[in-house]
Amino acid sequence: MTDVALHDIQSRVTEIVADALDIAPDEVQPHSSLLDDFGAESIDFIDIVFRLENTFDTVVPTDELWAGAQDVDTNDPDSLARAVAHLRATMPDFAWDRFPTTPAKRDLPRLITVGTIAAYLHNHLASEAAAKR
Amino acid sequence: MSGLGSPELSSETPRIVLTGSAAVTPFGNLEQSLEAVRARRSALEPVRTFDASSFKESRGGECHDFDARPWFRIPKSMKLADQRTRLAVGAAAMAFSSAGLGEDDAAGAGVLIGTSAHDMQGIDVGRALGPMSDGDVNDIDHFGARILRKLPPLWLLLNLPNMASAHVAIELGARGPNSTITTDWIAGLQAIGEAARWIADGEAEVVVAGGADCGILPLLYATLEEEGYFEDSASPFVPAEGAALFVVEELEHARRRGARILGEITGYSSAAADGAIARTMNAAMRQNGSSHVDLVCDAALFAREYREEEERAIRDLFATPPPRFECNSLLGFAMAAAAPIALALALAGNTAQRRTILVNSLGAMQQAASLAIISGEPQA
């Protein structure tokens, strides 16, 4: 899969998320939190990751989906803070008012949105394609 | 029911009644089903869920119009519920409300559902295994890699037989005892009898019990064809799906809350092996205290050997064979739900009078269950 446009990925991710959580696709905004807005549970993330892997024919690590295209070391507080600050800047529509200012690791899945999933996949598929060339 | 040494009902044994009933069949709810069965309408049509045209029996009893959505609090819970579980959740809610019970009454309620657990989501398994051109299915590494990569991770959660009881408890808020009976065709009737024992033992005052099942499955059709079930054109075996659940309750508990009583469970027995149906009928009638029966309700009499065995037992037990009621030839055979559906219809059709109804269920390996019920308001 080479050079798939971000908006194509985003619309396929939206479909997968809507289907897995049994909600209408137009309810799923790029900045909606799958956990806080749609009540996604761990079992739903397992389902969503399975569908993503089969749709995009790649391996998707659940732990990294919140960070989008960023490479983060969650054990390093500075790296974590930089990554969250980047999301605050790039996802202005996310409901930041209900998200802690200094997030703990357990808060990170709340950041998973269609936007972060699509950004992760876009970046990941591009580097997979580059490695094959 | 009062201990290992004395299986008979004693005078101190609590009396157990049914205060609610509901069914989902190809005709709709209990009321719609009763009307259709009285008019001798058939629900059997070519199967729509999958292509059954290559089987010797291509018809089925499918619940096309059943929509489970209103019965689930959160829509996404439905992806963890296969058809049998969805039917159970709908029937449970209807049974609970038909008993005059609401959300506030659910906390202590138990749930006991019988289901055959045939559904293996055969289409998903087939898709996961796919053509085996790139490796040997006997190679466990290859098999594992294939299954792990292709089989949806929720597969197991859909197929566990206890899912029906679990989802019913979640959706009703029933936090009492919860279990599942998987004795195949007799499981639903057994669940009602065992629920009566839970109540007699003081485990719960109210139990939602009965059968929920789906026989509209390609793997099941293949198995039934292989086993010769589709050969007998005089008495065709047509798989179906459906559910019938009851509210089983202790008599005094029901009276205190002024519940309408559909009937009293006066006998119950299960057995297997040679002559099982004769023994269960005998035991149920002995507990009932009278061998007078107004109606025998039959389920699963498609296999000739079972039919003949039940006929023999009825001839031996009754000087004059009682009238019979069967609805499987119209509804199809809803596996573990077949006997509970027949009971729900028989009771719904006998609301006014006190009549003794004997419900029989027979399954593989001559497993059998019999339940004796006296319809209407109990005396004294």
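## Two loop residues in chain A

In chain A, the loop between helix 1 (6–21) and helix 2 (42–56) holds A:D22. This is a predicted model, and in it the phi of A:D22 is near 55 degrees, a positive value in a residue other than glycine. Most residues other than glycine have a negative phi.

Let's move on to A:D57, which is found in the loop between helix 2 and helix 3 (77–90) of chain A. Its phi is near 50 degrees, again a positive value in a residue that is not glycine. Is A:D57 buried or exposed? With 10 other C-beta atoms within 10 Å, A:D57 is exposed, since exposure is assigned at 12 or fewer.

## The build of chain B

Turning to chain B, you will find 13 helices and 12 strands in its secondary structure. The radius of gyration of chain B is 21 Å, close to the 21 Å that the globule rule gives for 380 residues, so chain B is as compact as a globular protein of that length. Along the principal axes, the C-alpha atoms of chain B fill a box of roughly 70 × 50 × 45 Å.

How much of chain B is buried? Buried residues account for 49% of its 380 residues. The contact pattern is worth a look too: taking contacts in chain B between residues at least 6 apart in sequence, 77% join residues at least 24 apart.

## Nonpolar cores

The largest nonpolar core has 117 residues, and B:A91, B:V207 and B:V208 are those with the most contacts inside it. Which element gives the most to this core? That is helix 13 (residues 338–348) of chain B, with 9 residues. There is also a second, separate core of 27 residues, which includes A:L21, A:W66, A:A67 and A:I112.

Leaving aside residues up to four places away in sequence, B:V207 touches B:A109, B:G110, B:V111, B:L112, B:A195, B:W198, B:I199 and B:V248.

## Where the chains meet

How many residues does each chain bring to the contact? Chain B brings 8 residues and chain A brings 7 residues. On the side of chain B that touches chain A, the residues divide into 6 nonpolar and 2 charged, with no polar ones.

Definitions and conventions:
Residues numbered from 1 in each chain as written. Chains lettered and ligands numbered in written order. Predicted model: local features only at pLDDT ≥ 70, side-chain atom pairs only at ≥ 80, totals over all residues. Helix = DSSP H or I, 4+ residues; strand = E, 2+ residues; numbered from the N terminus. Rg over C-alpha atoms; globule rule 2.2 N^0.38 Å. Buried ≥ 20, exposed ≤ 12 C-beta atoms within 10 Å, placed from the backbone. Contact = placed C-beta atoms within 7 Å. Nonpolar A, V, L, I, M, F, W, Y, C, P; charged D, E, K, R; others polar. Core = buried A, V, L, I, M, F, W, Y, C linked by C-beta atoms within 7 Å.
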